[in-house]
Amino acid sequence: MSEGPVTSGGPTPTPGVPNPNSKSAGIVLEVDLTLFDLDEISIAKKEAKRLEKESKLAAKVTKVAAATPAAAKKVKAEKEKQEEAPFVNTTPKGEKKDLAQPMASGYNPIAVESAWYDWWEAQGLFVPQLTPEGGVKPEGQFVISFPPPNVTGSLHIGHALTVAIQDSLIRWNRMMGKTTLWVPGFDHAGISTQSVLERRLYKSTGQTRHDIGREKFLESAQEWKDDYQKRITQQLRRLGASFDWSRVAYTMNENLSKAVVETFCRLHEDGVMYRANRLVNWCVRLNTTLSNLEVDQKQLTGRTLLNVPGYDEKEKFEFGVITSFAYAIEGSDEKIIVATTRPETMLGDTAIAVHPDDPRYKHLHGKFAVHPFLERRIPIITDAIIVDMDFGTGAVKITPAHDPNDYEVGIRHNLPFINLLNDDGTFNSNAGEKFKGMKRFHARVAVVKALKDAGLYVEAKDNPMQIPICNKSGDVIEQILKPQWWVNCKPLAEEVIKRTKAGELDISPKQSENEWYRWLEGLQDWCVSRQLWWGHRCPAYFVRIEGQEQDTTDGKWWVVGRNQEEAASRAKKLAGGAKFTLEQDEDVLDTWFSSGLWPFSIMGWPQETFDLKTFYPTSLLETGWDILFFWVARMALLGVHLTGKMPFKEVLCHAMIRDAHGRKMSKSLGNVVDPIDVIQGLSLEDLHQKLYEGNLDEREINKAKAGQKKDFPKGIPQCGTDALRFALCAYSGGGRDINLEILRVEGYRKFCNKIFNATKFAMLKLDADFVPQSSARPTGNEGLVERWILHKLNIATHEINRQFEERNFMALTTAAYNFWLYELCDVYIEAMKPMTDASASPAMRRSAQETLYTCLDHGLRLLHPIMPFVTEELWQRLPRRQGDSTPSIMVSSYPMFDKAFVSEDAERDFDLVFSVIKTGRSLAASYNLQSDIQLFIRVQSDNEATLFESQIPTIVTLTKNCKTAKVVRTLDDVPAGCGSAVISPTVVVDLLVRGLVDLDVEIMKCQKKLDLARLSLDKIRKLEAQPNYEETIPPNVRMANEEKRMTLETDVTTLETSIQMFEKLK
């Protein structure tokens, strides 16, 4: 048994720490004294008294702390946080949420956003709404094909931006009454998916894809795809994307695969697709070719040591250096000096070029140099295109098989093309016995050493340059010769340029349009072959004819076919009666080849389906500017050629999302954000744990953890989908980059909370049996503040619709935010309180309720495209107008500008009233008055007096802690001891401060203001006194100056009077 007092339950109190489990402020001890001897009783009594004293002291401290507003707020927030139980969704899937219970005490995004998506889908609200005859509705149509996310991994915050923008446009157009279709889908992402799977395979088993074989590897790829397609689908649903899931597409499903085969065959039949042995971008790490768009250029300022993938981490190689060496001239002691940034390629040199007019080398024309390491004579040729006489030595080494410029020289001069590289990046037998089998950058070091040993090395200098880097693997790209399938893009690009200029395609922002033309005009042929297993296998077959010598690189021995039968039929004609076998190309097609067909293949092309005839071309292609050429341009090239139509009428490019520091999102930096983590919230520990799900090594994981700890020290707060979508749209102002701060998203959760609480409060102002009138139009009996708020609602409606049309999401979210926060919540809902209290007449109460209902109904519908969940939750709680049976806010009519709501006089008058309110608040704050505020509104005209008299209840209500407000006509009506502020030449606000302020301090403040006012007044008077002022200054400027002068004159008079008054009170 422990010594000391025995409490009624809970842990033994720690001395000096209040026990949360004790009863009330004073601890009640229930002690059985028979269990103790006298000494123990004495100790127990003393300890009980001590604890009771400490408890009372703690209670007193808590009470005092809670008395301050900030502390009270904190205590209340902590209490609510402790009481908040985790939300559990009890609504059966697909059924409508039961809203019979009262609204929750506070906004919980997880609770609000639950159940609605499944109900929308079950109600068929995502599918296109057609006329009874099955056609597009008279209002028109709006169709988007969603950029298919790669099945490589989960969605990141950039995808959330795409969803927020596109879903907002779809929902807005749907509410405008149009037939809308938004098609979801997924991309197999050949290179990305295969590289991820290969890294995971090697990391977990130490095996390569070749160890397990093609069939097993493709099975694992399919499992991966199925898993991540489910994950991505769930993410898209959580983001509120209103897709027609019955039309979900995938680039490797049956119909889209048929479209790929049809395209390949048709392009070949049209002479646009051809096979050639040409230079390609080769990634050793991925063992495949890449298009130019998949290669980044790394800028070096000079000598740089870099680690290369596939080599030991500690091993670094030299880049950014130009090495000069000499070739000996055959049959003489003369040498010719050349320079290169890749010394190892000299093993593939087949010529040395000089300028035909260069006098230094005219005696060498037609002669040969001798290769120092290989039995090869190297001709000295003349070429005015590649050689600049004034650059370097004026002699250029030519390696046609490993450099694009040298390749062109090789074609012009019919030079040998000597390939040095195996696919794995080692040198082949063409490099000679000494270098054969070496890895390419080991060969670089060895060649330089060999040149030095041979006495041919001259020097190495710093050389600012770019090196090509694979944007998938980070490997240094090599130029090598490969027989591949190519698309001749020039004729396709010319047609797209012509149609774009003819107005068939609108691209925004304009910066992207300029880049569009520049890129298409310089477009080169597109290599579509990829040395992968995951993807669409080329429907091309080599016809091996018995008894004939054939070159597999020559396209004339190849046929294409939509199936084996068609290919065999064509091969039979080619063989001319001889025996043959068909060998299908092992390569697959570039991922962008299949995704380039996306807008029409998802509609059923090449079949003439209902969807293709009805919904193609699509209305809009919205995507990041970074894939304008990767994807958008290729869709245009293929769409125009194959369907005769531009695949979309408009291209909208959104910004790239970066972190708060402006850095690109990167897993190794730990700044890649899963949108679900922003919606639900995630602790720092769980953020760390997610890093282990990827392919990062331990060093990269530790680096990422440090980044996460810096950016999210308390983890990611729970923000909800609506706040995330609103924040992403609010960031979208037409720039090329968005630096995303999660705290700003959290700020928009507070906006959701404001909407929730405002609606909840407003609902209390509507009687239980309240049924709004059948029309939202004003009756003509509305008071000033009602006409003002309806006018402001109309302005917001017009602005939001206009900005939707212009695709300016930053402006439209600003308009919606300002209306809800600063006009509806801060003004009208507060101003209507006296209009709905017990003293108000039934007519006034009813009118205020009708106006409130209209504002809530229209306001929620205005917000719905951006914030679908909270608006549906709140709108469903509102009563319906007579005869309105609209099932969901999703299919309600979007508010439009209505002349009946226009009331410019109400705007003018109430803005003047509100300026009095703001001035009164400002005066009270400047004097630090927080209770019993007494205002006097000094006016000169009868109209102003009548206006303010009618708005006294509103002025008192909206001026916090205001006791009275009175309209007066002269300064004599204002009691002594007032601080004043001028609103206009005819309106002054006075605040009674006598006995409440330090008079000397107030006189000093007034004097400073007076000095500034006099200075400004003198400037205007001097301006007006200038010669020819009337003739040289425009009338509108003169009028503005006159009004400003009159206001300053009133200001000066008022301040002088205030100083005199304060002096008298001293």
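Mentor: Start with the term domain: the bounds used here come from an automatic or database domain assignment. Also keep in mind that this is a predicted model.

Trainee: Ok, which domains does the assignment give?

Mentor: The assignment gives domain 1 (302-463), domain 2 (759-902) and domain 3 (930-1064).

Trainee: How far apart are the C-alpha centres of domain 2 and domain 3?

Mentor: Those centres of domain 2 and domain 3 lie 35 Å apart. Six residues of domain 2 are in contact with six residues of domain 3, and the area buried between domain 2 and domain 3 is about 470 Å². Carbon and sulfur atoms give 76% of that area.

Trainee: Which residues of domain 2 supply the area?

Mentor: Leu784, Ala831 and Pro834 supply 63% of what domain 2 buries against domain 3, more than any other three residues. By element, helix H25 (residues 809-831) gives the most to that side of domain 2, with four residues. The residues on this side divide into four nonpolar, no polar and two charged.

Trainee: Why are Arg231 and Asp227 separated by about one helical turn?

Mentor: Because they are four residues apart in helix H8 (residues 214-238). In general, side chains of opposite charge can pair when their charged atoms come close.

Trainee: New topic. Where are the cis peptide bonds you mentioned last week?

Mentor: One joins Trp605 and Pro606, with omega about 15 degrees. Pro606 is in the loop between helix H16 (598-601) and helix H17 (610-615). The bond from Tyr616 to Pro617 is cis as well, with omega near 0 degrees, and Pro617 is in the loop between H17 and strand E26 (618-624).

Trainee: What about the phi of Ala115?

Mentor: Phi of Ala115 is positive, near 75 degrees. Ala115 is in the loop between helix H3 (109-112) and helix H4 (116-122). Most residues other than glycine have a negative phi, and most peptide bonds are trans.

Trainee: Last one: what pLDDT does the chain average?

Mentor: The average is 89, and 91% of the residues score at least 70. Over residues 1-48, though, the pLDDT is below 50, and over residues 54-69 it stays under 50. Where pLDDT is low, the predicted coordinates should not be read in detail.

Terms used:
Residues numbered from 1 in each chain as written. Predicted model: local features only at pLDDT ≥ 70, side-chain atom pairs only at ≥ 80, totals over all residues. Heavy atoms only, no water. Contact = heavy atoms within 4.5 Å. Buried area = accessible area lost by both parts, 1.4 Å probe. Helix = DSSP H or I, 4+ residues; strand = E, 2+ residues; numbered from the N terminus. Nonpolar A, V, L, I, M, F, W, Y, C, P; charged D, E, K, R; others polar. pLDDT = per-residue confidence, 0-100.
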